[in-house]
Amino acid sequence: RKRRRRRSEVCRKDIAWQVLMKIIIGLGNPGEKYLKTRHNLGFVVVDRFAQQLEIECNQKKFKSLFCKMLVEREEVILLKPQTFMNLSGVAVKEAVDMYKCALEDIIVICDDLDLSLGTIRIRRNGGCGGHRGLESIASCLGSTSFSRLRVGIGRPAIGDTSDYVLSVFSKEDEGVIREASEKACQVLKTWISEGIDVCMNRFN
């Protein structure tokens, strides 16, 4: 009986100290050609967040650039899919399936044409708003029940939006995007430690 009690106590301790998993996904397109384009804001935020955590998101796994670290007893995955935007869900599903991660423990960072430049919006779930990366993720996961952090890039006054999202930021816009990236990193830290509801109340 004593042995059984000791084993059960150990099991309870293991459960109490079980590390939780969260996945942060930044959307963009791979390669130097797209590095500084508006459509790559998800990559920009993930790179800045990794820099703050003093780690590089450069391992190759799940058809992505990847890194893993412990943040406040939470195991956090940073993911930058390298499948091109329209197939982002293929990479995301591989990671989610591997780690058996619940959808509420996923957040996706992307650019948003319908928000003014530098504006940030956090949502628990919802539609994809015509964003091909979000659509791909929703299709592969079979659900839209994942959080998203949108960073506004605004709409062009003239011209095609497809060309606009693949163009680089102007010198004037770079400062605004830098500030937005810093705010997005604050959102991610809050999401990890306090959850999506606190993020929405504090930053929206």
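Q: Which hand does the crossing of H3 and H4 have?
A: In this predicted model, the crossing of H3 and H4 is right-handed.

Q: And how close do the axes come, and at what angle do they cross?
A: The axis of helix H3, residues 88-99, comes within 7 Å of the axis of helix H4, residues 132-141, and the two cross at roughly 45 degrees. Because of that angle, H3 counts as oblique to H4.

Q: Which residues meet there?
A: From H3, the residues are Ser88, Gly89, Val90, Val92, Lys93 and Val96, and they meet Gly133, Ser136, Ile137, Cys140 and Leu141 in H4.

Q: What's the make-up of that contact by class?
A: The contact of H3 with H4 has six nonpolar residues, four polar ones and one charged one.

Q: Switching to Ile122, where is it found, and is it buried or exposed?
A: Ile122 lies in strand E6, which covers residues 120-123, and it counts as buried because its relative accessibility is 0%.

Q: What is Ile122 in contact with, leaving aside its neighbours within four places in sequence?
A: With those neighbours set aside, Ile122 is in contact with Arg148, Leu149, Val187, Ile196, Cys199, Met200, Phe203 and Asn204.

Q: What about Lys22, how far is its C-alpha from that of Ile122?
A: Those two C-alpha atoms are separated by 16 Å, the residues being 100 apart along the chain.

Q: On to H2: what does its span look like against the expected one?
A: Helix H2, residues 41-52, has twelve residues and reaches 17 Å from its first C-alpha to its last, which is close to the 16 Å expected at 1.5 Å a residue.

Q: Which of the residues in H2 are buried?
A: The buried residues in H2 are Leu41, Gly42, Phe43, Val45, Val46, Phe49 and Ala50.

Q: Where does Glu54 sit, and is it buried or exposed?
A: Glu54 is in the loop between H2 and strand E2, residues 59-61, and it is exposed, with a relative accessible area of 74%.

Q: How about Phe62, what is its phi, and is it buried or exposed?
A: Phe62 also has a positive phi, near 55 degrees, and its place is in the loop between E2 and strand E3, residues 64-71. With a relative accessible area of 9%, under the 20% cut-off, Phe62 is buried.

Key
Residues numbered from 1 in each chain as written. Predicted model: local features only at pLDDT ≥ 70, side-chain atom pairs only at ≥ 80, totals over all residues. Heavy atoms only, no water. Helix = DSSP H or I, 4+ residues; strand = E, 2+ residues; numbered from the N terminus. Expected span 1.5 Å × (residues − 1). Buried < 20%, exposed > 50% of the residue type's maximum accessible area, 1.4 Å probe, protein only. Contact = heavy atoms within 4.5 Å. Axes fitted to C-alpha atoms, helices over the stretch in contact; angles between N-to-C directions. Parallel < 35°, antiparallel > 145°, perpendicular 65-115°, else oblique. Left-handed = near helix turned anticlockwise from the far one by under 90°. Nonpolar A, V, L, I, M, F, W, Y, C, P; charged D, E, K, R; others polar.
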